[in-house]
Amino acid sequence: MVCDTPTGEAVRAGVFDGSFVLTAMATLSPLPVIAAIAAAIHFGWPPGGTRAADDEHA
Amino acid sequence: MHDSQRPVVSAGVVLGAGLGGFFDGILFHQLLQVHNMLTGRIPKDTIANVEIQMFWDGMFHAATWLLTVAGMWMLFRAARRRDVHATGKTLLGGLATGWGLFNFVEGLIDHHLLHLHHVVERLGVSIFDWAFLASGVALIAAGWSMIRSEAGSAAQRAGTR
């Protein structure tokens, strides 16, 4: 059950304010950078420069 | 790095970044409580603000959980391939590189560029934030060195297959 006390309402107002999307993007911003670097390692950089490490199951 | 190492290294990097994120959250946010996700923007001066911090810490931990799950899945896929050079040292190198990558990228973006928080919030940008970046560089260097030291045997194994 969602907290309906004054504190609970203040928390909801503080989290889901006008800047929620921007704050979420800022909070999660390291994630795509790390994913991009991991992808570069996995598939080889620059693309096509080396054999891609794709799903070559034995 | 030899191509046959790439699947294990990339899995280790993603897994290491996820575990590094958990280490950060558990040590700094929860045990030491020197910062939370948005302490650079929202002071922890009321119960409501502390709970708002807890929400954004949860978002951060959700992201590190996704990285950890993705890394485990990638490692499982890599372990099933015969053409992959899967050694403990290569995996350990990937894990260290991933942890270092987390510290460097998160430190650079969150601590120095966006100022969402700092390692010790009451000090603002401090020696601890620079040490956090340095720890990232050191872990990446150590991890990459381990990966490169296995490249020769990976190439030899690929050549004899």
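**A tour in questions**

Guide: We start at B:Ser153, found in helix α5 (residues 151–160) of chain B. Keep in mind that this is a predicted model.

Visitor: Why does B:Ser153 count as partly exposed?

Guide: Count its C-beta neighbours inside 10 Å: there are 15. Buried needs 20 or more, and exposed needs 12 or fewer. The value 15 lies in between, so B:Ser153 is partly exposed.

Visitor: How far apart are B:Ser153 and B:His2, in sequence and in space?

Guide: In sequence, 151 residues separate them. In space, their C-alpha atoms are 9.2 Å apart.

Visitor: What does the predictor say about its own confidence in the complex?

Guide: It gives an ipTM of 0.88 and a pTM of 0.88. For chain B, the average pLDDT is 93. There, 99% of the residues score at least 70.

Visitor: Which residues of α2(A) are buried, and what puts them on the same side?

Guide: The buried ones are A:Thr23, A:Ala26 and A:Thr27. They cover an arc of only 100 degrees around the axis, so they sit on the same side of α2(A). A:Val21 and A:Met25, on the other side, are exposed. The buried residues pack against α2 of chain B.

Visitor: Which residues touch the most other members of the largest nonpolar core?

Guide: They are B:Ala11, B:Val13, B:Val14, B:Ala17 and B:Leu101, in a core of 27 residues. Two or more residues come from each of α3 of chain A and α1, α2, α3 and α4 of chain B. α3(B) gives the most, with 8 residues.

Visitor: What is B:Leu101 in contact with, leaving aside its neighbours within four places in sequence?

Guide: From chain A, A:Ile34 and A:Ile37. From chain B, B:Val13, B:Ala17, B:Gly136 and B:Ile140.

Visitor: What do nonpolar side chains tend to do in soluble globular proteins?

Guide: They tend to be buried together.

Terms used
Residues numbered from 1 in each chain as written. Chains lettered and ligands numbered in written order. Predicted model: local features only at pLDDT ≥ 70, side-chain atom pairs only at ≥ 80, totals over all residues. Core = buried A, V, L, I, M, F, W, Y, C linked by C-beta atoms within 7 Å. Helix = DSSP H or I, 4+ residues; strand = E, 2+ residues; numbered from the N terminus. Contact = placed C-beta atoms within 7 Å. pLDDT = per-residue confidence, 0-100. Arc of directions from axis to C-beta.
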